[in-house]
Amino acid sequence: MREGRKSSVRLARQLPLHLLILPSVVCLLVFNYAPMTGLLMAFKDYKARLGFWDSPWVGMKHLHYMFTYPDSTQVIWNTFLIASLKIAANAVVPILFALLLNEVRALFFKRSVQTLVYLPHFLSWVILGGILTDILGNKGIVNQLLSGIGLDPVFFLGDGDWFRFTVVVSDVWKEFGFSTIIYLAALTGINLSLYEAAEIDGATRLKQTLHVTLPALVPVILVVGTLSLGNILNAGFDQIFNLYNPLVYREGDIIDTFVYRVGLMNGSFSFATAVGLFKSAVSFVLIVAAYRLAYRFGNYRIF
Amino acid sequence: MYRNTLGYRWFSGFNTALLAAIAVLCILPLIHVAAVSFSSSSAAMANQVYFWPVGFSAEAYARTLANPLFLRSLLLSAERTVAGTALSMILAVSAAFVLSRSFAGRSFYSWFFVFTMLFNGGLIPTYLVVTKLELTNTLWALILPSAVNVYNTILMMQFFKAIPKELEEAAYIDGAGYMRSLTRIYLPLSLPSLATLSLFAMVWHWNSWFDGLIYMTDYRQYPLATFLQTIIQSGDMRNTNIDPSQLQILSERTVRSSQILIGALPILLVYPFFAAVFRARVDDGRR
């Protein structure tokens with residue numbers, strides 16, 4: 001009896017908390033959880049006139065089709081390939097850049113470099129896509145330079161293999177500066193007496209970098225590296241969508257662009273949802289695994 | 001000292017040159033497009049422009065800004081940025097405040113939020129929800145689906161958690177409830193973080209283009225980023241029946257470049273602030 005009254009008093013006192021969070025909860029329910037239920041569409045033949053609930057069930061038809069239809073298997077492979085190349089390049093370049101920047105003494109120069117390399121991160125792929133199609137086109141400034149030194153023009157955005165190359169390199173170009181921040185922050189945290197001790201022991205700067213600096217970065221590298229595993233099927237929709245064209249669909253089309261074209265442009269809602277479900281499910285498993293690993297290695301927690 | 005060895009001095013000189021080259025490479029493309037946008041149309045078409053305008057002319061800007069479609073999309077972008085940022089910040093602050101308390105429902109709510117970061121319904125089901133709610137061609141379609149930003153909410157929650165409990169306990173003794181301690185203690189103390197997160201939300205809204213592309217069936221309702229996207233991908237104009245002669249002007253090289261630059265301008269204006277924030281973060285040696 002007393003217990004019951006106590007808990008109702010507590011509930012009354014906590015009511016404002018529940019009310020405060022209610023709008024966010026409603027938004028998440030409608031725009032995040034309802035679409036998750038909508039994934040059931042992958043097992044139905046969605047017809048607009050029948051609606052979501054009355055469209056007939058077809059079981060694994062679309063998922064089966066996805067794994068046998070050459071276009072979709074190619075798209076899954078492209079996604080995996082481009083995303084893995086990006087993960088690898090985006091892991092290595094910022095570390096190297098941070099190590100090089102760490103050697104600079106002149107503060108003004110160091111800050112100016114930092115200010116310039118963070119910039120592309122903040123521009124959208126619409127803007128950067130516009131810039132890149134201009135400078136990488138057949139008559140663009142890059143090909144002008146190439147022909148200036150006697151090389152043949154390169155179809156950066158018109159040839160499949162070059163397209164993958166362009167996508168990976170331009171993604172590194174956009175993000176490496178911003179990704180450097182976390183390593184630079186870790187570098188400022190290193191105890192200087194470690195370097196002095198190494199110096200006394202006769203270590204060259206290269207040895208100091210290998211045996212003092214790098215080990216200090218290892219925890220951060222492990223956390224960043226494991227967390228990036230969750231992106232193994234995120235090849236970068238915004239970027240590809242703003243750079244690709246029918247010439248490079250074979251090598252450059254990825255799950256997200258494929259889902260957009262097949263689903264929203266051609267109206268095959270159920271098949272597109274099935275492909276999307278595949279991506280969501282694989283990503284879910286990898287993200288959960290990545291968080292667990294990051295927690296193990298680096299004591300990293302999101303909450 | 002290793003700094004005085006010949007080898008290190010060679011390395012140092014080489015390193016400085018390399019870093020300078022990389023840094024310049026990060027803005028050179030932008031400078032090139034800016035130079036094209038201020039050049040005469042003929043010089044741009046003949047590919048004579050490198051990193052400085054040839055035959056200086058601001059005509060491309062005059063034509064871009066005289067285009068009612070462009071101005072309308074500029075206005076829509078401003079609207080969605082202001083409304084979207086306000087809404088998402090209000091939601092983030094209130095949810096973060098609740099999640100920073102310890103009470104019975106906290107763990108349930110936390111998982112309810114975090115799960116959306118791990119799993120999502122994907123494009124098609126989300127699109128169908130928004131269309132079923134008849135949000136198509138309204139501003140709501142651009143601000144409601146992304147209104148709750150779980151990542152920002154978590155960041156805000158961590159700021160709130162770092163505020164000493166004693167302050168709130170003192171206020172509680174003085175008779176303050178949850179709302180009063182939120183508005184009188186937590187919000188004033190976290191103004192700098194609020195400003196930073198708001199700026200991030202604004203940049204996000206200004207840069208968003210895909211929601212406009214799929215939820216606005218009428219191209220006159222496109223926000224600027226979406227408008228630019230359709231112009232840049234001028235091959236992809238099937239669902240926007242802009243009349244062809246107009247399209248020709250819009251896709252001319254100088255005009256295109258001027259549109260790109262105007263689209264990037266707000267970001268370039270707030271950029272010094274971001275650069276300062278992140279340099280400070282590096283200097284503090286924390287994440």
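Two residues are in contact here if their C-beta atoms, placed from the backbone, lie within 7 Å. With that in hand, welcome to this predicted model, in which local features need pLDDT of at least 70, side-chain atom pairs count only at pLDDT 80 or more, and totals for chains, interfaces and linings use all residues. Residues are numbered from 1 along each chain as its sequence is written, while chains are lettered from A and ligands numbered from 1 in the order in which they are written. Helices (H or I, at least four residues) and strands (E, at least two) are DSSP runs, numbered from the N terminus.

**Where the two chains meet**

- Chain B brings 77 residues to its contact with chain A, and chain A brings 75 residues.
- On the chain B side, the elements that give two or more residues include helix H1 (6–37), helix H4 (68–100), helix H11 and helix H15 (253–284).
- H1(B) gives the most to this side, with 14 residues.
- Sorted by class, the side of chain B that touches chain A has 50 nonpolar, 20 polar and seven charged residues. For these classes, Ala, Val, Leu, Ile, Met, Phe, Trp, Tyr, Cys and Pro count as nonpolar, Asp, Glu, Lys and Arg as charged, and the others, Gly among them, as polar.

**The annotated parts of chain A**

- In the unreviewed UniProt entry, the annotation "domain: ABC transmembrane type-1" covers residues 76–290 of chain A. UniProt positions are given in the numbering used here, feature names are shortened, and annotations may be inferred rather than shown by experiment.
- That span is 79% helix and 0% strand, and its end C-alpha atoms lie 21 Å apart.
- The unreviewed entry also carries the annotation "transmembrane region" for several stretches of chain A, among them residues 75–101 and 269–291.
- Residues 75–101 of chain A are 100% helix and 0% strand, with end C-alpha atoms 38 Å apart.
- Residues 269–291 of chain A are likewise 100% helix and 0% strand, and their end C-alpha atoms lie 32 Å apart.

**Helix H8 of chain A and its surroundings**

- Two packed helices are described by the angle between their axes and the distance between the axes.
- Helix H8 (residues 160–188) and helix H10 (residues 205–228) of chain A pack at an angle of about 140°, with axes 10 Å apart. Axes are lines fitted to C-alpha atoms, for helices over the stretch in contact, and angles run from 0 to 180 degrees between N-to-C directions.
- H8(A) contributes Ile182(A), Tyr183(A), Ala186(A) and Leu187(A) to this contact, and H10(A) contributes Thr213(A), Ala216(A), Leu217(A), Val220(A) and Val224(A).
- By class, the contact of H8(A) with H10(A) has eight nonpolar, one polar and no charged residues.
- Glu175(A) also sits in helix H8 of chain A. Leaving out residues up to four places away in sequence, Glu175(A) touches Asn90(A) and His121(A).
- Glu175(A) and Val117(A) are 58 residues apart in sequence, yet their C-alpha atoms are 8.6 Å apart in space.

**The two domains of chain B**

- Chain B is divided into domain 1 (2–57) and domain 2 (60–284), with bounds that come from an automatic or database domain assignment.
- Taken over C-alpha atoms, the centres of these domains are separated by 32 Å.
- Each domain of chain B gives eight residues to the contact between them.
- H1(B) supplies the largest share of the domain 1 side, four residues.

**Residues to look up in chain B**

- His205(B) lies in helix H11 (residues 191–207) of chain B. His205(B) is buried because 24 other C-beta atoms lie within 10 Å; a residue is buried if 20 or more other C-beta atoms lie within 10 Å of its own, exposed if 12 or fewer, and partly exposed in between, with C-beta atoms placed from the backbone.
- Apart from neighbours within four places in sequence, His205(B) is in contact with Arg80(B), Thr81(B), Gly84(B) and Thr85(B).
- Most residues other than glycine have a negative phi.
- Asn47(B), however, has a positive phi of about 55° although it is not a glycine. Asn47(B) is found in the loop between H2 and helix H3 (59–65) of chain B.
- Asn137(B) also has a positive phi, near 65°, and its place is in the loop between H6 and helix H7 (140–143) of chain B. Asn137(B) is partly exposed, with 13 other C-beta atoms within 10 Å.
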